[in-house]
Structures are given as C-alpha cells and as structure tokens.
Amino acid sequence: MNRSKQLFNHEREHIDSDMIKIEVNLDDMPAEWLGELMDRLLAIGVNDVYYTPIYMKKNRPAVLLSVLLSKHLLDKVKRLIFTETTTFGIRYSPWTVHRLGRKFKTVETKWGPVSVKQALLGNQVVQESPEFEDCRQIAEKAGVPVKAVYQAVWKILND
C-alpha cells in the first residue's frame, strides 16, 4: 500500500480548508540534500512536496521548494525546513483544497493485474489512473516497457 493511502483518507470528495502552502527559495544548497528533505517532509505527513527551477536576483539559478500540509503540522515543518536547509525565511499562506473522492479497481492485463485509481466527482468517475508501481513491476517481470503496460490498461479502460 502506498503512503498516500495510509496517511490520508480521500475516499470521499471533500474540502480541506485548514491547509497551508509553504514556499522557500533555495539558491545556495547542495542538490543532494533536496531528496533527503523531501523524504523527511513526506515522512512527517505533509500532503505534497515539489521543487520548481527558478532564477533569483542577479540571475542566480535556484529551486523553489513548495510544501502543502495540514495546519497542525506547520511548526514541525517550519522547524525541519529551518534546520535542514540554508534558508533564512519561509513564506506560507492558508490554502483550501477541493479533493475528489477516490476508489480503486483492478484491471487484468495479459501480464497480470494492475490497480487503477478512480477520481469521483459526486458519484461520477471523472479520472482514471493506473498505479505506477503495479505497471513498473509487471513491466519488469514480463520484460516489456512500462509504456506498453500503461497502453494495455488504457485500452481496457476505454473499451
């Protein structure tokens, strides 16, 4: 079971109104530290972490760290960012997130079963996405490209 299924209950469509988005510009931090920071942020329960390449004053290349989290994690996340990065400041603001409901179904391919995540708007399925790890494992075992597994799943979903 993946981390998001364990930490977050997104079975039903809902609005999360107690969310915070943190942004930090990092222009003087070794790239090797970024992966470790992401792992540590996810381990304490943030909803999402991502990096965006940016340019700062004097045309310096940098990375914008963005973190989406529940309000109750704010102090813990700020402390982690201040102690694990080179930043001197953190920007953050309240966010509201509308989350679609989610359910899973299994699709049988000629190489084996693949779990498919479905997004629900009300009771209507509006999005379907094969689980990457299932596709990767099947591709590796069958000796086929991951792309071929995805294409097989999409074909079954669209028939």
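This passage describes the overall architecture of a predicted model and then the packing of helix H5.

The chain comprises 5 helices and 7 strands, and from the N terminus on these elements follow the order α-β-α-β-β-α-β-β-β-β-α-α. Of the 159 residues, 36% are buried, and the chain exposes about 10,300 Å², of which carbon and sulfur atoms supply 51%. When contacts between residues at least 6 apart in sequence are considered, 59% of them join residues at least 24 apart.

Helix H5, formed by residues 146-158, contains 13 residues and spans 18 Å from its first C-alpha to its last, close to the 18 Å expected at 1.5 Å a residue. Within H5, the residues Val 149, Val 153 and Leu 157 are buried; they lie on the same side of the helix because they cover an arc of only 75° around its axis. Such an arrangement follows from the geometry of an α-helix, which has 3.6 residues a turn, so that residues three or four places apart point the same way. The buried residues of H5 pack against three strands, E5 (101-109), E6 (112-121) and E7 (124-130), and also against helix H4 (132-142). On the face of H5 turned away from this buried side, by contrast, the exposed residues Lys 147, Lys 155 and Asn 158 are found.

Definitions and conventions
Residues are numbered from 1 along each chain as its sequence is written. This is a predicted model: local features need pLDDT of at least 70, side-chain atom pairs count only at pLDDT 80 or more; totals for chains, interfaces and linings use all residues. Side-chain values use heavy atoms; hydrogens and water are left out. Helices (H or I, at least four residues) and strands (E, at least two) are DSSP runs, numbered from the N terminus. The expected span of a helix is 1.5 Å times one less than its number of residues. Buried means under 20% relative accessible area, exposed over 50%, partly exposed in between (1.4 Å probe, protein chains only). The arc is that of the directions from the helix axis to the C-beta atoms. Contact means heavy atoms within 4.5 Å. Accessible areas come from the Shrake-Rupley method with a 1.4 Å probe; for residues, only the protein chains shown count as cover.
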